[in-house]
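Reader: I have a protein model open and would like to go through it step by step. Could you take my questions one at a time?

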Amino acid sequence: MASRAKATILDIAREAGVSKSTVSLVLQGSGLIRPETALKVRKAIEDVGYVYNRGAANLRKAHSNVIGMVINDLTNPFFAELAVGMERVFQSAGIVPFIANTAENPVRQEEVLKSLMEQGVAGLVVSPARGTTPGAFHRLETAGVPVVFVMRRLPESRIPVITPDNHRGAYLATAHLIGKGHRRLAFFGGSSDLVVYHERLGGFREACEALGIEPADRLVFEGETSRKGGIACLETALAMAAPPTAALCFNDAVAFGVLLALRKRGLEPGADFAVVGFDDVAEAEHYMPALTSVAVNTAGLGERAAHVVLKMIQSRTTRAEDHIGAVNLVVRESCGPDRKEHGCAGMGDAA
């Protein structure tokens with residue numbers, strides 16, 4: 001066993017019938033080697049019992065094969081699905097990514113970025129935490145580390161971003177609610193320090209404007225982007241003398257909170273109050289009632305972000321084009337019947 005532990009790259013090259021440089025490229029996860037050759041080399045590695053010392057290898061080259069996935073909230077199923085999409089691409093490229101949850105804390109995010117810089121990270125995909133300043137990534141940009149933002153952009157930042165068409169998604173969802181006969185609408189959740197909030201709120205307001213909803217009947221309730229935030233928004237809205245009859249929620253997590261709060265009050269989501277989410281996480285279609293939501297192809301966005309950062313690393317650049325992903329509205333039961341046919345009587349009393 002001792003001799004097997006000391007197997008060298010030369011032993012692998014002899015076993016596989018290839019050059020030492022080919023073996024080195026396979027060990028580094030290079031995409032320059034033909035798949036069948038890489039397979040032969042990996043089999044030889046196993047046969048000779050070679051153990052790759054990645055730490056030592058990192059000392060011999062400019063950067064590591066570490067790619068960071070820095071996510072703002074992994075407790076939100078949307079971001080978990082996004083991370084899975086990214087990880088799938090990295091895995092197929094022979095890379096095991098480092099994933100960190102910053103829990104919407106910019107201080108924690110700064111610590112994670114500093115640690116990854118010290119590890120000689122090759123590239124990063126980041127969904128920035130709330131309160132992140134544009135200067136937070138200056139050190140990484142100066143060092144020439146490829147960074148891709150996913151879902152969230154920072155004002156005045158030149159870092160490429162992969163995001164869905166937030167404005168259009170919100171417009172489609174709001175138009176659907178108005179088309180069902182709602183004339184007093186709310187936007188629930190999110191906060192004004194997020195660019196994505198302004199994009200989605202902008203789509204909501206534009207649809208209201210275009211489809212004849214009076215400014216006084218376009219209600220906006222900021223709140224946490226979670227179930228807890230959805231519950232709080234609904235409680236505040238229903239306490240009004242003239243409450244809204246429908247809401248577009250900042251995301252599905254907020255919408256789930258709204259559905260829970262309605263049931264707690266003895267109100268039926270859809271029939272008594274229409275709810276639309278944003279993201280269309282896997283849970284949305286299995287909820288009771290199933291949630292109408294703006295689908296953004298979550299895994300596809302994650303895959304796109306991973307491909308972009310890999311291409312940037314390969315091209316040794318920190319520049320790439322932004323990508324705005326297509327969206328569509330998936331209509332389910334949470335909006336209920338048309339209001340013009342089935343009035344939502346009793347909302348004022350229920351409040």
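Reader: How are helices α3 and α4 oriented to each other, roughly parallel or roughly perpendicular?

Author: This is a predicted model. The axes of α3 (residues 20–27) and α4 (residues 35–48) come within 10 Å and cross at roughly 90°. Angles of 65 to 115 degrees count as roughly perpendicular. Therefore α3 and α4 are roughly perpendicular to each other.

Reader: Which residues of α3 and α4 make the contact?

Author: Sort the contact by class before naming residues. It has six nonpolar, two polar and one charged residues. From α4 come T37, A38, V41, R42 and I45. From α3 come T22, V23, V26 and L27.

Reader: Which strands stand at the edges of the open sheet with parallel pairing?

Author: This sheet has six strands in the order β2-β1-β3-β4-β5-β11. Its twist averages 15° from one strand to the next. An edge strand has a single partner, so one side of it is left without a neighbour in the sheet. Those at the edges are β2 and β11 (323–325).

Reader: How many bridges join β3 to β4?

Author: Strand β3 covers residues 123–126, β4 covers residues 147–150, and the two run parallel. L124 stands opposite V147 in β4. The number of bridges joining β3 to β4 is three.

Reader: What angle does the direction of α7 make with that of β1?

Author: Helix α7 packs on this sheet. There it touches β1 (67–71), β2 and β3. Its direction makes an angle with that of β1 of about 180°.

Reader: Where does A103 lie, and what is its phi?

Author: Most residues other than glycine have a negative phi. A103 is not a glycine, yet its phi is positive. It lies in the loop between β2 (98–101) and α7 (106–118). The phi of A103 is about 55°.

Reader: Which strands are the edge strands of the open sheet with mixed pairing?

Author: That sheet also has six strands, in the order β7-β6-β8-β9-β10-β12. The twist averages 20° from one strand to the next. Each edge strand pairs on one side only. They are β7 (218–221) and β12 (328–330).

Reader: What is the bridge partner of V276 in β10?

Author: Strand β9 covers residues 274–279, and β10 covers residues 292–295. Four bridges join them, and the two strands run parallel. In β10, the partner of V276 is T292.

Reader: How much space lies in the largest cavity?

Author: Rolling a probe the size of a water molecule over the atoms shows where empty space is left. The count comes to one cavity of 30 Å³ or more. The space in the largest cavity is about 130 Å³.

Reader: Which elements give two or more residues to the lining of the largest cavity?

Author: In all, 14 residues line this cavity. The closest to its centre are F79, R152, R200, F250 and N251. By class, the lining has five nonpolar, four polar and five charged residues. The elements that give two or more residues are α6 (77–92) and α10 (195–210).

Technical notes:
Residues are numbered from 1 along each chain as its sequence is written. This is a predicted model: local features need pLDDT of at least 70, side-chain atom pairs count only at pLDDT 80 or more; totals for chains, interfaces and linings use all residues. Side-chain values use heavy atoms; hydrogens and water are left out. On a 1 Å grid over the protein atoms alone, a cavity is a set of points where a 1.4 Å probe fits but cannot get out, and a pocket is an open set with protein on both sides within 12 Å along at least five of seven lines; lining residues have an atom within 4 Å of a point. Grid points are joined across faces, edges and corners, and a volume is the space filled by probe spheres set on the points. Ala, Val, Leu, Ile, Met, Phe, Trp, Tyr, Cys and Pro count as nonpolar, Asp, Glu, Lys and Arg as charged, and the others, Gly among them, as polar. Axes are lines fitted to C-alpha atoms, for helices over the stretch in contact, and angles run from 0 to 180 degrees between N-to-C directions. Angles under 35 degrees count as roughly parallel, over 145 as roughly antiparallel, 65 to 115 as roughly perpendicular and the rest as oblique. Contact means heavy atoms within 4.5 Å. Two strands pair if DSSP finds at least two bridges between them.
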